[in-house]
Structures are given as structure tokens and as C-alpha cells.
Amino acid sequence: MRAWHFSENAYPFLPPADEYPSIRVTLPNRLYDPEKGAALYDRFLDEWLIAEDEGMEIMLNEHHQTATCVDPAAPLVMAALARLTTKARLLILGNPIANRRQPVRVAEEMALVDIMSRGRVEAGFVRGVPYEISPANSNPARMNERFQEALELIVKAWTSRDGPVSHEGRFFHHRNINIWPPPYQNPHPPIWISTTSTGGAKQIGRQGYVQATFLTGFENTRKIFESYRAGWREAGRGDDVPIDRLAYAALVYVGDNEADAVAGAEKLMWYITANKVLPQFANPPGYVPIQANVQMLRGAEHPLSAFAKAASVEKAIEAGIMMAGTPDQVYQQFKRHYEYVGGYGQLLIMGQAGFLEHDDTVRGIRNFAREVYPRLREEYPDTAISGTFADVAPEPPRDAVPSSAATKQSATNGDSEETATPLGSVR
Amino acid sequence: MSHRTIEIGDIELEVVEKGSGAPVLFLHSGQGFDASHPFVGPLSQARRMIAPSHPGFGGSSLPDWLDRIDDIAHVYLDLMDRLELPAVDVIGCSIGGWIAAELAAIAPERISRLVLVGPVGVKTGSVDELDIPDIFVLGQDEVNGLLFHDPEKYRMDPAKLSDDQLVRAVRNRESLALLTWEPYMHNPKLKHRLHRAAMPALLIRGANDGLVSERYLERYAALLPSARTLTIADAGHVPQIEQPERFVKAALSFLDE
């Protein structure tokens, strides 16, 4: 089991949500105070270094034109981390390669950071959430096809060591690919891909890359991981799916006691509730399959969108998108999720969001790293195999949920019609 | 009315034909072709209306290689060959007008007279301003306000549409994005080619068209050697739907000159 500290580097100092239509894409950047922003960066980098000291790995990501994640060039921050850290693995999840015009440049960036970190890069690739479409001016149609070709081109650039090779594809053209430097790791850094769809997971399983899913709870995570495992087996990779191939991202906060945990967890909910986005940015044409759009026009709702309207720490824990409580409670919650979905070896911890202050963030990191992580590593060694299930009760045991979480409901931002999720569905 | 599928290369093209007389090729807007639209009756009473659904729209397939408006112009040259139409009158609406303009620049001898209705396809204004408002970053109500003189009348109600109609509407919109996303709603080369399109041309816009401005239409017309413009009152971007009688009358009186 490996655990990763992940921060979105949000800029939370915004006017009330009813004063702006969308926190992403259109929010004027005059609302960003560079002094405050610079101080936040000092802080977020410090928190990553503390996570490293505590034995955790480091994860970062990239978004554009949004206050929810003010890191529009994650490879730059990764390069800073390469020099500031010495032992943590550095996961970028990820490079939005359906929106990057030059995949070879992405290959160069990752190879360079891999050199600077002496082989600590874990290179993640994402299709990108729908609100990235407008900032990138990227065509939302045929994104999956563009993503796959970009990935193939990046692997080609990383693994060609004998002078120039060429690429004349459907979306990208290069006549002389010969990157300097090549990656430090041979043949290349481990590849991660995120998806929340079963079709996507199956393909990643066939390819054998690490697959991550974000906030998909119990049922959907199980389906997604089952698809990955099916793809893995179909491709002849063997019956046993190594546990390190699968990753789950959850909001995690471990408190000193229940009250402390609930207070921290409440602040983490900002990640879910502050994502006010206009429908046209949350669902550009072609981003989701036609049938999914038809279902939405018929009133279907993404589970996370429905959840965001009445978000509470207790419901988030029950839904499997949050793990929060005392060390023992978080351990119980993790175990329940792990056994239900069939096991995974990478826990991506969204450990900072919105107004969760530095001291509270650090306390959450330390409590997890010292009180929970050792138990997870012992119980779920990296040699474990994914794809075995245990009976899991439909409700978490009462003592596994902080008691004070039951009554509070988090404030949601904006009107529910316009609430979207980090994963990009509307209404 | 005939409704058939014609294979052009690797594309299965849905083609509706109605009426008799001199043929007119009708190229639909981004909404897609719908035989129940109100202009179809009056137009086909006077003419043999040939209305293909563009690749990716309606029941027409979309091959992997096709991603540009001028690709479709080439497909329609094949269609004209297949239908044995050495030259034909063409009416194109919005992106259908763009296709018609590409066609007119590629093969001017194949078009007798040309009617463009709220056409897009050229860039005429400044770098700092979109010629056509960005329909993909506006809410649906805002887009409807630009499309229609009377938006309330045309508000889409999914509950009143069949699954098949919804699939078509969603797929049409996806194909519209594919074809018009970048450069947005234009081909930078087209305005340098339109001098070839010397056939008589009529450019029509609805007086309340929020997408194609009067200035844009005038500049577009100036790129064509023999074009004039006409405004239809009480209509937005789709006068063929909001003012079908006036639209058909204007188009036919021009085509029959």
C-alpha cells in the first residue's frame, strides 16, 4: 500500500458564490492576489515536504482558469519538488494530453523532471475534466482518440534511443523525434491514467498501466476496477492483477479525536461544494457519449452532483468518497472500501482543500502517516493481488463514523441547478 | 417524399427528396434537417428539393477522417455526380451556407444560383473580437436568444421528443462542435477563394439574427463577385423556420430570375 498526499493548490479567498456564475473558466483573475497566492505556494510546498518526511508519496495535478486548482503548469511545480525532495515518488495526475498541442514536449518535460529527481517521476495522463476544454480551446469531439495517440507518441519519444524517429498519425505529426534528455528510468517512468468510466478502465487494464479513479464511492469504483481487471486478463497479462495497478482518490482527514476530525473533514468538503460551474462548461458537446447526454436530458443526474446538493461528512463517508475520523475509524472505513471494491494498492489522499489551514492540514497528514498508514502497509502489502472481495455490510458500523458528523450538513455553494462535480456532470 | 441512403465513398448519406421541377440542393444548418420543418412544404411545391443530412448529422454516418466543413463540400460534389446534376441551385443555411460557399469556390461551374441564409465560414472582423458569438460558452437560453426572433416559441422540451430525436439532436451538436470548433466557425482560406464563386448569389439574414450580424453579411457578400443581400423581418438566425413563407418566396423569386 502506498499513500500519496495530494493538494489541488486552491485559492479560496473569493467573494460569496452567489456573486459569480462560475468558479471555473470565467472567474476574473483580478480576484487573485499575487501576495496571497505566493504565500499559499510556500505553504503547499511545505505540506508536500512534510508528507515526504512522514513517509508518504507526493501527488500533484493541473487545472486551468480556475480558483479550485491554481496550478496551470504542474510540470513546473513538479520540477521544484524534484529539487526540494529527496525520496518521495512524484506523481503528476496528470498531464492533460488531449489538450496539449505537442505531446513530444510533454515527453520532454517528464523526462527532464525524471532526470532532476533521479528517477522518481510517476507520469500520469488525464483526458481532462470538461471545464478544461474552453481554456485549452480544445475540441471536445474525439478527445479519447487524441488522448490515445498522444500517449503512444509520448511512449515512443521516451523509448526511442537511437536517433530520430517519426510519427505521422491522425492528430500529430513529427518528422524528427529525438528527445534530450531521455527519462532517467528505463524504459520510462511508470504510467498512470485516470478514468471514471468502465470502458476507459478496461482499455487501461489491457494496456497494463496504473489506473486511478476519483471519488467514485463503492458501486462505481467496484465496477471500474472490475473492468480494469477484466481488461488486464483479456490482454493475457495473467489472472492475478497486482494490487499496485489500481488507485483510488478520496478526501481523507484523520483527527486527534472525533470532533477534530469532523472539523477538518468539514473543511475538506470545499472540494465538493465549491465547484460551481455553468452547465455549458461542465458538459461541452462530445465530451460524454451520446447516450449519456440523452439520459441527462431525461433528467438523470451524476451521483456526485446529487451528492453535492446535500453534502455532509457523514454522507460522504457512507458514500465512500471520504474517509474521516479517528485513526481507527479511518482504518475501518478504508478496509470496508478496499474489501468492497476488490482491493487497490494506491490511496490518493486529497488532504487539503479550501480553508483547511496549514496546521490542520499538517495534523491530518501526520495522524494518517503515523497512526493509519503503518497498519495499511502491514495489512495490504504490495505483493497482494487485486480482485478478491469480502462481505461488506451496507452501512458502516456506527463506531466507524465520528458521531458528531451525523447532524451537520455542509453549506453548498450556489444554486443546485448549476452545481457540477469535479468529474464533470451537470444537473 | 423519398427518403434514402446513398453511399458516397465510406459515408452513408441520408438524403430526403421532395417535390418535382428544377432541382435545388438544400444544405441544412447546425440543427440538422427535419422534414417537418415549415419551409419544406412550400419549397417542395415549387422545386425538387434534395436535402442530404451532412456527415455526422441526422442519419448520415461520420467517418473518422472527416473533421472539416470543406470535407463535406467534396462529399456533395460526389453526391451531385451520383444524382446526375451537372449544375444545380443551392440553398445553404448557417453551416450549410458555409458548405455551399466552399462548394462554390471549389467548383463554381456546378452551382447555377446560390442562396446563403445566415451563412458562417469566413473571418471578416478584428483579431480581438469573434465574428460569430461563441455558442459553446453560452447557456442554452442565451443561444436561443441569438438564434430566434421569438425564442420562447422554440424552447426545446426533451419530454416531448422521442429517444431517437434526442439522439439526433445530441449527435448533431457534437458534430457541429467537431466541425466548427477551431478556427471557430470559419475557414481562414475561404475568403481568399470566394472570388471564384461568380454565380449570382443572394445572402439572406433574419433581422434579429444574433449570430450573423448585418455587417458580417455585407462583408461576406463583398467577397462574392455577384452577390446581393436581403433581410427578412421578424426572424433570427433561422428565417426558414420562423418565417418560412417569406423565406421561400424570397429564395424562389431569386432562383427563378
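Q: Let's start with a loop in this predicted model. Where does Gln65(A) lie?
A: Gln65(A) lies in the loop between strand E2 (57–60) and helix H2 (74–84) of chain A.

Q: On to peptide bonds. Which residues does a cis peptide bond join in chain A?
A: Check omega for this one. In chain A, Trp180(A) and Pro181(A) are joined by a cis peptide bond, with omega about 0°. Pro181(A) sits in the loop between strand E6 (173–177) and strand E7 (191–194) of that chain.

Q: Which residues does a cis peptide bond join in chain B?
A: There, Glu182(B) and Pro183(B) are joined by a cis peptide bond, and omega is about -10°. You'll find Pro183(B) in the loop between H5 and E7 of chain B.

Q: Glu182(B) again: with which residue does Glu182(B) form a salt bridge?
A: Its partner is Arg101(A), and the closest N and O atoms are 3.1 Å apart. Glu182(B) lies in the loop between H5 and strand E7 (201–206) of chain B, while Arg101(A) is in the loop between strand E3 (90–96) and helix H3 (103–116) of chain A, so this pair joins two chains.

Q: How many salt bridges are there between chain A and chain B?
A: Between chain A and chain B the count is two. Searching the whole structure, over all chains, gives 35 salt bridges.

Q: How should I read the size of the interface?
A: Here's the general idea: interface size is often quoted as the accessible area lost when the parts come together. In this case, the area buried between chain A and chain B is about 1900 Å², and carbon and sulfur atoms give 57% of that. As for residues, 21 from chain A and 26 from chain B take part in the contact.

Q: Now a helix pair: at what angle do the axes of helix H11 of chain A and helix H5 of chain B cross?
A: The axes of H11 (residues 290–297) of chain A and H5 (residues 163–180) of chain B cross at roughly 120° and come within 9 Å. That angle makes H11(A) oblique to H5(B). The crossing is right-handed.

Q: Which residues of H11(A) and H5(B) meet?
A: From H11(A), it's Ile290(A), Gln291(A), Asn293(A), Val294(A) and Leu297(A). They meet Asp163(B), Leu166(B), Val167(B), Val170(B), Arg171(B) and Glu174(B) in H5(B). Sorted by class, this helix contact has six nonpolar, two polar and three charged residues.

Note on methods
Residues numbered from 1 in each chain as written. Chains lettered and ligands numbered in written order. Predicted model: local features only at pLDDT ≥ 70, side-chain atom pairs only at ≥ 80, totals over all residues. Heavy atoms only, no water. Axes fitted to C-alpha atoms, helices over the stretch in contact; angles between N-to-C directions. Helix = DSSP H or I, 4+ residues; strand = E, 2+ residues; numbered from the N terminus. Parallel < 35°, antiparallel > 145°, perpendicular 65-115°, else oblique. Left-handed = near helix turned anticlockwise from the far one by under 90°. Contact = heavy atoms within 4.5 Å. Nonpolar A, V, L, I, M, F, W, Y, C, P; charged D, E, K, R; others polar. Buried area = accessible area lost by both parts, 1.4 Å probe. Salt bridge = Lys/Arg side-chain N within 4 Å of Asp/Glu carboxyl O.
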